Structures are given as structure tokens and as C-alpha cells.
Amino acid sequence: MKEIYNRRSVRKYIDKEIRNEDIKKILKAGMNAPTARNLKPYEFVVIKDKTTLEKLGSIKKNAYFAKDSNVTIIVLGKELSDYWQQDLGAVVQNMLLEATHLNIGSCWVGIAPNEDYENSIRKIVGIPSNIRIFSMVTLGYSMEDIVANNNFYEEKIHYEKY
């Protein structure tokens with residue numbers, strides 16, 4: 001699957017609208033990730049408003065590029081099991097791969113478990129306190145060419161014992 005090798009964290013976007021159909025495809029890919037006991041602890045807030053994107057880009061140093069994204073999706077979670085963060089990690093990875101498949105750049109911005117970041121986003125978007133804010137996924141068409149990845153590190157592999 002070429003998307004695994006072509007996926008990159010894209011932080012520089014051109015000003016080009018992402019079609020609503022493509023946003024739905026990205027969300028659907030996320031919703032098709034495996035979750036513990038099939039609890040599906042995810043919800044999403046899709047942000048296109050430039051003023052809101054500007055605010056999201058200011059919540060933490062390494063989220064500055066949200067202001068230049070065409071869309072940012074806030075990935076929310078309900079703590080329905082001890083595995084909600086693992087579930088949402090799979091959700092986000094599926095979203096990133098589908099974005100790559102659609103030639104849309106993306107970047108995963110970690111938020112949980114930092115309560116200060118969560119509370120900042122909560123105030124901006126009006127998310128209830130019983131919902132966790134796992135991450136943001138910024139989306140946009142890349143300003144730069146994407147080069148395929150070829151990572152493989154034999155020294156990181158252990159067989160039978162460490």
C-alpha cells in the first residue's frame with residue numbers, strides 16, 4: 001500500500017478548498033479503524049472557519065500550521081474503555097492514510113493527555129467537559145513535493161527475546 005510510504009506530516013498548505021466529499025471519505029476511513037470491544041469511542045469536530053483555525057493554531061507551539069490548513073478535524077474521545085487512546089490512534093492513522101490516498105496533506109497534532117491544551121480547544125469550540133480531546137488533524141494540499149519514505153531499521157527488531 002503506497003500510502004503508508006507516501007504519508008508525511010505536511011505543515012505548509014496552498015490555499016485550495018477541500019471538497020466536502022473528500023472530508024467525509026477521511027472521516028469514514030477513521031470510523032473504520034478497529035476499536036476495543038467495538039465501542040467506537042470517537043466523535044469529530046470539522047473546522048473550516050479561518051478565524052477558528054487561527055485560534056487553534058495558537059494553542060501550542062507545534063500547532064501553528066493549523067491556521068494555514070484548509071480544514072482541521074478535532075478528534076474527540078469518550079473514555080468508554082481503558083483503550084480509548086489506542087482506539088483513537090488507529091482512527092487518526094486511518095484518516096492520515098486516506099488523506100494521503102486523496103493527495104491531501106495532513107498532520108497529526110497530539111493534544112491528550114495535556115489538560116491545558118484540551119481546555120484551550122474546549123473553550124474555542126465549545127466541547128463538553130465529559131468529552132476528551134485526543135488530537136487534531138490538519139488538512140490541506142501540500143505546498144511542497146512529497147517524497148516516499150523507505151524507513152526500515154533492522155537494529156530495532158528483536159526475535160524471541162530482547
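This is a predicted model: local features need pLDDT of at least 70, side-chain atom pairs count only at pLDDT 80 or more; totals for chains, interfaces and linings use all residues.
Is Thr100 buried or exposed? With a relative accessibility of 15%, Thr100 counts as buried, because the cut-off for that class is under 20%. If we set aside residues up to four places away in sequence, Thr100 touches Glu3, Asn6 and Arg7.

From there I would like to step back to the chain as a whole, which has five helices and four strands, arranged along the sequence in the pattern α-α-β-α-β-α-β-α-β. The C-alpha atoms fill a box of roughly 50 × 40 × 30 Å along the principal axes, and 44% of the residues count as buried. Among contacts between residues at least 6 apart in sequence, 77% join residues that are at least 24 apart. As for the surface, the chain exposes about 9,800 Å², of which carbon and sulfur atoms supply 48%.

Turning to charge, there are 24 positive and 21 negative charges in the chain, and their mean positions lie 2 Å apart. How many salt bridges does the model contain? The count comes to nine, and I will go through a few of them.

One of these joins the side chains of Lys12 and Glu144, with a distance of 3.5 Å from N to O. This pair links distant parts of the chain, since Lys12 sits in the loop between α1 (2-6) and α2 (20-31), whereas Glu144 belongs to the segment after β4 (132-140), 132 residues away. Lys12 is partly exposed at 45% relative accessibility, and Glu144 is likewise partly exposed, at 46%.

Another group involves Asp22, which is buried, with a relative accessible area of 6%. Asp22 forms a salt bridge with Arg19, the closest N and O atoms being 3.1 Å apart, and Arg19 is partly exposed at 44%. Asp22 also pairs with Lys25, here with the closest N and O atoms 3.9 Å apart. Because Lys25 and Asp22 are three residues apart in helix α2, about one helical turn separates them. Lys25 itself is partly exposed, with a relative accessible area of 39%. Through shared partners, salt bridges join Arg19, Glu21, Asp22 and Lys25 into one network.

Key. Residues are numbered from 1 along each chain as its sequence is written. Side-chain values use heavy atoms; hydrogens and water are left out. Helices (H or I, at least four residues) and strands (E, at least two) are DSSP runs, numbered from the N terminus. Buried means under 20% relative accessible area, exposed over 50%, partly exposed in between (1.4 Å probe, protein chains only). Contact means heavy atoms within 4.5 Å. Accessible areas come from the Shrake-Rupley method with a 1.4 Å probe; for residues, only the protein chains shown count as cover. Lys and Arg count as positive and Asp and Glu as negative; His and the chain ends are not counted. The place of a charge is taken as NZ of Lys, CZ of Arg, CG of Asp or CD of Glu. A salt bridge is a side-chain nitrogen of Lys or Arg within 4 Å of a carboxyl oxygen of Asp or Glu.
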